[in-house]
Amino acid sequence: MRFKKPLSVCPGWLAALCFLMTFTGIAAPAKDLKFQALLVWATDAEKSPDHNHKPVDAEVLKKLRELPLRWKNYFEVRREHFIVPRGGAEKVTLSDKCKIGVTDVDGRHVEVSLIGKGEPVLKRIQPLSRGETLVLGGNAPDSTGWLVVLKRVE
Amino acid sequence: MIMTSEQQLKLQAFLDGELPEKEARDAAALVARDAEAADLVAELRNTRRALAGFEPGLKVPESRECYWSRIERLIQRLEPAPATAPSVSFFGRLRRFLVPTGAVAALVIVAAVAVLELGRPGVLARPETEMTSPDSAAFTYQDDANGTTLVWLSYPAESGFAEKAVH
């Protein structure tokens, strides 16, 4: 079987496809952004003095092991799931002294704010696509560390 | 005397008996007085004599006019008919117009969307970190393979935030 006049027919379909794809992308409903935030305590100690702390799960541990961090163990202090509406902002409390704020800039870029003791410590704008993770961290007393692991789930 | 090609052709016609009477007499006089003309006529005569035995006498079954008329009809039948422009329907003309127009329109829309998207503030901006606490600084480690970014704050370990953050 032969296709007749492929060159005269294909451009029409191609143009229509481009047209549809363009407007499908534009008309696609804007989805909310879903995040998971973890407050993590990093230490060389085998156990946390707080019985409520538990070791981070394997996925988070793998991520942290791939970073240039020197601690042996990581304990999950608190885990929060939250949704940032498209173009909106959300704040999450991870401890008495630690909060983070996430603002959707354009669906791909987010502005992340770290608030310590009620005062802004850091503000950062960066792309954070689905599955990507932003880790904020710093030193804590007794050669330990604290980490905020922010993962975009959707 | 050197003969011209016209004179040579005339001598050939003379030999074939195709010249009018006057010209035939002139040709005969030329042959009589010019040796080269006489040689040419003798050569042509010899050639005709030599070929006479090899020409088969073909006879066509019909008259000459009828024979050539048949060949002419055959030639006319084999000649391709002059090409006439195929008639194009209204929808065909419309499609010829709409296909390139649609493609150009689609490209313009894609370009416009791209320009609008890229023109939005912050889209092309590089990651931007702003330290709002005067006694701290930060460095960034980027792990593109795993999609992970680490921002390490030199926030004093003895500060209330770090001390109380996890306990």
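This is a predicted model: local features need pLDDT of at least 70, side-chain atom pairs count only at pLDDT 80 or more; totals for chains, interfaces and linings use all residues.
Biologist: How much of chain B counts as buried?

Modeller: Of its 167 residues, 19% do. Buried means under 20% relative accessible area (exposed is over 50%, partly exposed in between; 1.4 Å probe, protein chains only).

Biologist: How many helices and strands does chain B have?

Modeller: Chain B has six helices and three strands, in the order α-α-α-α-α-β-β-β-α from the N terminus. Both are DSSP runs numbered from the N terminus: helices are H or I of at least four residues, strands E of at least two.

Biologist: Why are H1(B) and H2(B) called roughly perpendicular?

Modeller: H1 (residues 5-15) and H2 (residues 21-33) of chain B pack at about 110 degrees, with axes 10 Å apart. Roughly perpendicular covers 65 to 115 degrees (under 35 is roughly parallel, over 145 roughly antiparallel, the rest oblique). The angle lies in that range, so the helices are roughly perpendicular to each other.

Biologist: Which residues of H1(B) and H2(B) meet?

Modeller: Lys10(B), Leu11(B) and Phe14(B) in H1(B) meet residues of H2(B), including Glu23(B), Ala24(B) and Val31(B). Contact here means heavy atoms within 4.5 Å.

Biologist: What makes S2(A) and S2(B) edge strands?

Modeller: The open sheet has seven strands, ordered S2(A)-S3(A)-S1(A)-S9(A)-S8(A)-S3(B)-S2(B), with mixed pairing. Strand S2 (54-55) of chain A and strand S2 (138-143) of chain B each pair on one side only.

Biologist: How do you know that S1(A) and S9(A) pair?

Modeller: Two strands pair if DSSP finds at least two bridges between them. Eight bridges join S1(A) to S9(A), so these strands pair, and they run antiparallel. One of the bridges links Leu38(A) with Val149(A).

Biologist: What lies between S6(A) and S7(A)?

Modeller: The two strands form a hairpin with two residues between them, and Lys117(A) in the turn has a positive phi of about 55 degrees. S6(A) and S7(A) are antiparallel, with eight bridges.

Definitions and conventions:
Residues are numbered from 1 along each chain as its sequence is written. Chains are lettered from A and ligands numbered from 1 in the order in which they are written. Side-chain values use heavy atoms; hydrogens and water are left out. Axes are lines fitted to C-alpha atoms, for helices over the stretch in contact, and angles run from 0 to 180 degrees between N-to-C directions.
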